[in-house]
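I opened a new page to record what I looked up in this structure, going from the whole chain down to single residues. My entries follow in the order in which I made them.

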Amino acid sequence: MRRLGETALSVLIALDQLLQTLFTAPFALAGMAAIPDPDATISGLLGRHAAKDRKWAKFAAVLVDVLFLVLTLGRERNHCQRTALREAHRCTAIAWMPDNLQADT
Ligand SMILES: [Ca+2]
């Protein structure tokens, strides 16, 4: 049962990263955002932009934070901020990629 749960979580994170990449791509193409990091999640994106005091991200982060607080029965507080920090410490960009892929601007 634990194996099923961990596998399901991996699939959900991969889908989350895909959605984040697809959501960010048009903004990147329009020059309004950095090239999307394919290993960043929606929560991480919200956490990074909320830390920059962007109102849209702060609003969305509150909603996501509440969702994770409920889903984890109160164990995961400030999910978006924590996710942004976790993702910042796990840079997965490879050497030939441009610098703006490795750090959100
Ligand atoms: Ca990934």
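Before looking for a core, I wrote down what the word stands for: a nonpolar core is a set of buried Ala, Val, Leu, Ile, Met, Phe, Trp, Tyr and Cys residues joined through C-beta atoms within 7 Å. I also noted that the model is a predicted one.

Entry on the core. I looked up the largest nonpolar core and found that it has eight residues, namely Ala-40, Ile-42, Leu-45, Leu-46, Ala-50, Ala-61, Cys-80 and Ala-84. Two or more residues of this core come from each of helix 2 (42-51) and helix 4 (79-88), and helix 2 gives the most, with four residues.

Leaving aside residues up to four places away in sequence, I listed what Leu-46 touches, and the list holds Ala-57, Ala-60, Ala-61, Val-64 and Cys-80.

Entry on helix 4. Which residues of helix 4 are buried? I found His-79, Cys-80, Thr-83, Ala-84 and Glu-87. These residues lie on the same side of helix 4, because they cover an arc of only 130° around the axis. I then checked what the buried residues of helix 4 pack against, and the partners are helix 2 and helix 3 (55-71).

Entry on the whole chain. I counted five helices and zero strands in the secondary structure, so that, in the sense of DSSP runs numbered from the N terminus, the elements read α-α-α-α-α. Of the 105 residues of the chain, 23% count as buried. Among contacts between residues at least 6 apart in sequence, I noted that 44% join residues at least 24 apart.

Key. Residues are numbered from 1 along each chain as its sequence is written. This is a predicted model: local features need pLDDT of at least 70, side-chain atom pairs count only at pLDDT 80 or more; totals for chains, interfaces and linings use all residues. A residue is buried if 20 or more other C-beta atoms lie within 10 Å of its own, exposed if 12 or fewer, and partly exposed in between; C-beta atoms are placed from the backbone. Two residues are in contact if their C-beta atoms, placed from the backbone, lie within 7 Å. The arc is that of the directions from the helix axis to the C-beta atoms.
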